[in-house]
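Subject: Structure for your review

Dear colleague,

Please find below the structure that I am handing over to you. I would be grateful if you could read the notes that follow alongside it.

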Amino acid sequence: MSETKEFKAESKRLLEMMINSIYTHKEIFLRELISNASDAMDKLYFKSMQDNSAEAVTRSDMAITLELDKDARKLTISDNGIGMTAEELENNLGTIAQSGSFAFKKDNEKAEDVDIIGQFGVGFYSAFMVAKRVTVISKAFGTDTAFMWQSEGVDGYTVSEAEKDSHGTVITLEIKDNTEDENYDEFLTPYKIKELVKKYSDYIRYPIKMDVEHEKLREGTGTDGKEPEYDKEIVTETLNSQIPIWKKAKSELKDEDYNQFYKDKFYDYTDPLLHIHSKTEGTATYSALLYIPEKAPYDYYSKNFEKGLQLYSSGVMIMEKCADLLPDYFSFVRGLVDSEDLSLNISREMLQHDRQLKIIAKSIEKSIKNELKKLQKNDREKYEKFFETFGTQIKYGIYESYGMNKADLQDLLMFKTSNGGVTTLEEYVSRMKEEQKYIYFASGSSVSRIESLPQTELVRDKGFEILYLTDHVDEFCLQMMHDLDGKEYKSVSADDLGLETEEEKEEIKKEQEDNKDLFDFLTEKLSGKVKAVKLSQRLKNHPVCITSEGALSVEMEKVLSAMPNGEGAKAEKILEINPNHAIFGKLKSLYENDKETAGEYADILYSQALLIEGMPIENPVEFSNKICEIMAK
Ligand code: ADP
Ligand code: MG
């Protein structure tokens, strides 16, 4: 036995840190050891190709073997890869070459919740999270002597000669005893081990094998009224499926394959609406398999929902939900990204790493957008279904970025329209009449409500199309977008619709001035409720309507006041009166002869206008009683 050697100082600190659980997912140790075994076999294969080794190494003979011995609390991971010499054992397992992850951890408090090992690879050491002692017996390919490396953690390690027939490495973990908070026993059960292989290492290129005990019905028992009896049978199972679907050629795959994979992997019962399978090379090299679900997940609109894609490094899962890969407005996308650029192995530099991820994220965002646009063009029905389910999210994307994402996202938007059905903005613009200056919109809780709004009269009269905004976020979104290629969005309730001729405007203005006293009186009567009472340019048949001045519309007030702390949001309301309606003449004469009744009429007209807008009125009983009084006259 050789003397016990200490770990290099940095390694020691890192090891301590790890064992003291900076990392909560202890289970990833298995992924790390399996990845190392896979690497060792890759290296051997590569070497044999290079020096044409006589003992031709065939890939098909290579395998990783797992063994469980519950009583001895041992888990063994063996490979027939390249193995390690005594010196390599010492150098590779005794040092952490570059402790980039340690520096990172120290500089970044937030790194607490980062998958340190997965991202920056301190692979082998993770074994100590679950093992009280680790024994590595290894024989390097092409050498005659095997060596054993052994350690119980921070205190150090020993290296000595050992017995082993063929090249490769056998790692034995003596699993820790359970503590009050931690269950280590589970790492000794075939069920858990199988689950971990499936979860993290399913796409390792070499078979991962394990002997599993099965019970087999003994022949002649269990039928004809005989008690069933069982024999124990050991079966060697291959636990991983080895070839990731996303690495296969698209031509090999059918829709059903994609859909089945989606349902298995993401626990959905319904086929996805769309899959996107892409392989990208260049500034970022990665494969991606993305899905747009047909329905929003049940928790999509709750606080618990976490967006993100699974992240793989060369077929090995390193993160279950990488949020940085998806912008919020595409948070409904599920799927995975596999990149060789993201090393599972020990830290290339952190920053570079990060930048790579950003490039991939950008590229993914673009491809989602392109696929959605393709769908919009080629399968309108499907696209409309998609937009009905997830469109709100995209509108929020525009609103929340203060319109900064508009160039990227506005093509994806759809709105209901007075033309029937839904339209894209581009389609709307293509239908605009020559003399039409604006893209008109009207807001309300439903299409039928909007259709009956008096404010739409004038625009409709001109034969111009109106976007019907029925989603809460719609108007906020349009406000942020401001215009489409110079064509401004215009509410049918806006002050100036761009439809009235100068003469018409003059005429109304004069009429308004001629009756200044009346309008001052009405405005005074409704003070605190409306900012002004005015003659309307937009009403043709209806007597009154409510519009607003300023940034906040009546519809926006409705939305905001339904939100917590939103009660203060008030639109600057204008009560508009149709100059051609008999009620205007009536008001004029009442103002001359019976001011009190004129005042009451102002109240009634205001309440009516609110009702038309779908707004609550302050005192329904009083309103109704007043109407009855008039009816009884
Ligand atoms: P990384 O895999 O990121 O290099 P690890 O801590 O996982 O870091 O492993 C350290 C090194 O130990 C590996 O780079 C490799 O050289 C060596 N090693 C670990 N496991 C094996 C194995 N099963 N066979 C051969 N070499 C191994
Ligand atoms: Mg490793």
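Predicted model: local features only at pLDDT ≥ 70, side-chain atom pairs only at ≥ 80, totals over all residues.

The model contains an open sheet of 8 strands with mixed pairing, in the order β5-β4-β3-β6-β2-β1-β7-β8. The edges are formed by β5 (157-162) and β8 (230-238); each has a single partner strand, so one side of each is left without a neighbour in the sheet. On average, and with direction ignored, neighbouring strands of this sheet are turned by 20° against each other.

Within the sheet, strand β1 (residues 64-69) and strand β7 (residues 208-217) run parallel and are joined by 3 bridges. Thr-65 has Lys-209 in β7 as its bridge partner. Helix α6 (residues 190-201) packs on the sheet, where it touches β1, β2 (74-79), β7 and β8. The direction of α6 makes about 135° with that of β7.

Helices α9 and α14

Two packed helices are described by the angle between their axes and the distance between the axes. For helix α9 (residues 380-400) and helix α14 (residues 474-481), the angle is about 45° and the axes are 8 Å apart. That angle makes α9 oblique to α14, and their crossing is left-handed. From α9, the residues Lys-395, Ile-398 and Tyr-399 take part in the contact; they meet Asp-474, Phe-476, Cys-477, Met-480 and Met-481 of α14. Sorted by class, this contact of α9 with α14 has 6 nonpolar and 2 charged residues, and no polar ones.

In helix α16 (residues 516-525), the buried residues are Leu-518, Phe-519, Phe-521, Leu-522 and Thr-523.

On the α18 side the contact includes Ile-583, Leu-587, Leu-590 and Tyr-591, and on the α19 side it includes Ala-598, Tyr-601 and Leu-605. By class, the contact of α18 with α19 has 7 nonpolar, 2 polar and 2 charged residues.

Helix α19 also meets helix α20 (residues 620-632); their axes come within 11 Å and cross at roughly 120°. This makes α19 oblique to α20, and the crossing is left-handed. In α19, Glu-600, Tyr-601, Asp-603, Ile-604, Ser-607, Gln-608 and Leu-611 meet Phe-623, Lys-626, Ile-627 and Ile-630 in α20. The class count for the contact of α19 with α20 is 6 nonpolar, 2 polar and 3 charged residues.

Residue Ile-627

One residue of this last contact may be followed in detail. Ile-627 lies in helix α20 and counts as partly exposed, because its relative accessibility is 24%. Apart from its neighbours within four places in sequence, Ile-627 is in contact with Ile-604 and Gln-608. Ile-627 and Ile-604 are 23 residues apart in sequence, and their C-alpha atoms are 7.9 Å apart in space.

With kind regards

Terms used: Residues numbered from 1 in each chain as written. Chains lettered and ligands numbered in written order. Heavy atoms only, no water. Axes fitted to C-alpha atoms, helices over the stretch in contact; angles between N-to-C directions. Helix = DSSP H or I, 4+ residues; strand = E, 2+ residues; numbered from the N terminus. Parallel < 35°, antiparallel > 145°, perpendicular 65-115°, else oblique. Left-handed = near helix turned anticlockwise from the far one by under 90°. Contact = heavy atoms within 4.5 Å. Nonpolar A, V, L, I, M, F, W, Y, C, P; charged D, E, K, R; others polar. Buried < 20%, exposed > 50% of the residue type's maximum accessible area, 1.4 Å probe, protein only. Pairing = 2+ DSSP bridges.
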